[in-house]
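Subject: Structure handover

Dear colleague,

I am passing the structure on to you.

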Amino acid sequence: MSNGGSNQPRPTRNEQREAAREKARVLREGQKKRERRNKVLLQGGVIVAVVAIAALIGGLIFNNIKPDGPGPANMASDGIVLTGVDGVVTPTETPALAAGATPTPTVPDDSGTVANIVTYVDYLCPYCGDFETTNADSIRTMVESGAATLEVHPIALLTNKSAGTQYSLRAANAAACVADTSPESFFDFNALLFENQPEETSVGLSNGELKSLAEQAGVTSLSSIEQCIDDTRFKAWVEDATTRALTEPVPNSDLASITGTPTVLVNGKQYGGSLTDPAEFQSFVLQATGETFSESNSTPSPSPSPAP
């Protein structure tokens, strides 16, 4: 009977060395396989990450360089023109200004019987608020009766003066939204923006408050205008129109550009009087209109006929 142990002969030294080499070879092959697998996984992960980063960067670049959208309808001159007959104010309808296109200046009534009033306003500008508070009622009366037209250019000079909320730009955009979708309500919306004008350096009105004013103005398609306000749809147009106002000649006038707000013109002549004296502005309107009338009705004396 055996005392235990294997009946197999003990491997020789050479066999032990061969077994060790084979075991080492198997281990090396396994390690190489794992390294190859990890390398593939790593490369795949890097590729995925690169693709994701590239997509993110591409999206950011696209968003930054994508072409501007068109401007608002009914503001082809960068302003909306309001005329009136028998107490009814009617906006002049114009197509939307294409991105990058040159605005079409308004053709003024040069008969001398109508005051062509043009204003460049920033809805955060306190001086604009003073002018509007002082003269809004008389201008509305003149427009409703047909004695004047009003062309309003909303611009944004004070975008950085509202504690980071860009109220100046957002308010001008809201005015453009109303002009685009509900131009018949623009006169009232413009007035409400000044009646509820926030103080410079304050946060300004929220988008919700701007929407509420649009509703008070009786706009049609309220939901479209609310979306337009939330999207700041005409931001690029407001910025471009502001740049044009500051750098290009003012149509139908001798001004090389505007230098601040409010800029108010009557028949091409800039008003430089008091912003808080309604009588002074009304006197200026009469004077400018009278000068236009004189110019339009002056005819040169006929040259004398030569003696026979």
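The notes below cover cavities, aromatic rings and cysteines.

This is a predicted model, in which local features need pLDDT of at least 70 and side-chain atom pairs count only at pLDDT 80 or more, while totals for chains, interfaces and linings use all residues. Residues are numbered from 1 along each chain as its sequence is written, and side-chain values use heavy atoms, with hydrogens and water left out.

Cavities

Two cavities of 30 Å³ or more turn up in a search of the whole structure. A cavity here is a set of points, on a 1 Å grid over the protein atoms alone, where a 1.4 Å probe fits but cannot get out; lining residues have an atom within 4 Å of a point. Grid points are joined across faces, edges and corners, and a volume is the space filled by probe spheres set on the points.

The largest cavity holds about 110 Å³ of space. Its lining includes Thr-119, Val-121, Cys-128, Phe-131, Glu-132, Phe-187 and Phe-194. At least two lining residues come from each of strand E3 (115–121), helix H2 (126–145), strand E4 (148–154) and helix H4 (186–195), and H2 gives the most, with five. Helices (H or I, at least four residues) and strands (E, at least two) are DSSP runs, numbered from the N terminus. By class, this lining has nine nonpolar residues, two polar and one charged. Ala, Val, Leu, Ile, Met, Phe, Trp, Tyr, Cys and Pro count as nonpolar, Asp, Glu, Lys and Arg as charged, and the others, Gly among them, as polar.

The second largest cavity has a volume of about 70 Å³. It is lined by 13 residues, of which Ala-98, Ala-99, Gly-100, Trp-237 and Asp-240 are the closest to its centre. Seven residues of that lining are nonpolar, three polar and three charged.

Aromatic rings

The whole structure contains five aromatic pairs. Rings of Phe, Tyr and Trp (its six-membered ring) pair if their centres lie within 6.5 Å; planes under 30 degrees apart count as stacked, over 60 as edge-to-face and the rest as tilted. Phe-131 and Tyr-271 form a tilted pair, because their ring centres are 6.5 Å apart and their planes stand at 50°. Phe-131 lies in helix H2 and Tyr-271 in the loop between strand E6 (269–270) and helix H8 (278–297), so this pair ties together parts 140 residues apart in sequence.

Tyr-271 also pairs edge-to-face with Phe-281, at 5.1 Å centre to centre and 75° between the planes. Phe-281 is in helix H8, ten residues from Tyr-271. Phe-131 and Tyr-271 are both buried, as is Phe-281; buried means under 20% relative accessible area (1.4 Å probe, protein chains only). Ring pairs join Phe-131, Tyr-271, Phe-281 and Phe-284 into a cluster.

Cysteines

There is one disulfide in the structure, a disulfide being a pair of cysteine sulfur atoms within 2.5 Å. Cys-177 and Cys-228 form the bond, with S to S 2.0 Å. The torsion about their S-S bond is about -80°, so the disulfide is left-handed. Cys-177 sits in helix H3 (residues 167–181) and Cys-228 in helix H6 (residues 222–231), 51 residues apart. Both of these cysteines are buried.

Cys-125 is in no disulfide, and the nearest cysteine sulfur, that of Cys-128, is 3.0 Å away. Cys-125 counts as buried at 3% relative accessibility. Cys-128 is likewise in no disulfide, and counts as buried at 1%.

Regards

Technical notes: 1 Å grid on protein atoms, 1.4 Å probe; cavity = no way out; pocket = protein on both sides within 12 Å on 5 of 7 lines; lining within 4 Å. Buried < 20%, exposed > 50% of the residue type's maximum accessible area, 1.4 Å probe, protein only.
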